[in-house]
Amino acid sequence: MEAPLKLARLGVLVASFVTTSPVLAQAVPSEDAWQFEATPYLWAAGLSGWGRLGARTPTTNIDASFSDVWKNLDFGVMGAFEARRGRWALIFDSVYVDLSKTSDPLAGGALGTVRFKVKEAIFQLAGAYRVLDNPVTPVDVLVGARYTNLHVDASFSQSPLLPAEGV
């Protein structure tokens, strides 16, 4: 990936860290008025576990640090939105990450290369009620639902042993 694009992405992520107060908020909230808050954020995460392609291939160890994930990041966005009126609130939170990596030539190039693509999306929606409306430490009770989708794809390039692309 080109350095200017990577630098631009880093700038956006740093800007979201610097934004410690909510992006959107009313200046003087009242009990009857709706209050809105949007908060971008960043998780610095790695990946660890076991995986395999198909049912008959051997499992392999997967160990990717945050720097490995960052190097292979195609796109990522994370953020939360809250709408509150009095003691009631509606909260939406989402995470979307798109990663890809192309391997070095396999078996000296006889098997070509393999391109891995990982997409993850998490969407949460919750309703909240403030049971303790204390200005120092408010307490909310939440009920909600979460949807998670993880899609992993591996595609092989053309090679002497795998002549058909996308096998």
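This is a predicted model: local features need pLDDT of at least 70, side-chain atom pairs count only at pLDDT 80 or more; totals for chains, interfaces and linings use all residues.
## The nonpolar core

The largest nonpolar core has eight residues, namely A64, V69, W70, L73, M78, V95, V97 and L99. Two or more of these residues come from each of the elements α2 (66–71), β4 (73–85) and β5 (88–102), and β5 gives the most, with three residues.

M78, a member of this core, is in contact with P40, Y41, L42, W43, S94, V95 and V97, when its neighbours within four places in sequence are left aside.

## Aromatic pairs

The count of aromatic pairs comes to seven. In one of them, F36 and F81 have ring centres 6.1 Å apart and planes at 20°, and because planes under 30 degrees apart count as stacked, the pair is placed in that class. This pair links distant parts of the chain, since F36 lies in strand β1 (residues 35–40) and F81 in strand β4, 45 residues apart. F36 is partly exposed, at 35% relative accessibility, and F81 is likewise partly exposed, with a relative accessible area of 34%.

The rings of W88 and Y129 have their centres 4.7 Å apart with their planes at 55°, so this pair is tilted. It, too, links distant parts of the chain, with W88 in strand β5 and Y129 in strand β6 (residues 114–132), 41 residues apart. W88 is exposed, with a relative accessible area of 57%, whereas Y129 is partly exposed, at 30%.

## A ring cluster

Ring pairs also join W34, F36 and F81 into a cluster, which includes both members of the stacked pair F36 and F81.

Terms used:
Residues are numbered from 1 along each chain as its sequence is written. Side-chain values use heavy atoms; hydrogens and water are left out. A nonpolar core is a set of buried Ala, Val, Leu, Ile, Met, Phe, Trp, Tyr and Cys residues joined through side-chain atoms within 4.5 Å. Buried means under 20% relative accessible area, exposed over 50%, partly exposed in between (1.4 Å probe, protein chains only). Helices (H or I, at least four residues) and strands (E, at least two) are DSSP runs, numbered from the N terminus. Contact means heavy atoms within 4.5 Å. Rings of Phe, Tyr and Trp (its six-membered ring) pair if their centres lie within 6.5 Å; planes under 30 degrees apart count as stacked, over 60 as edge-to-face and the rest as tilted.
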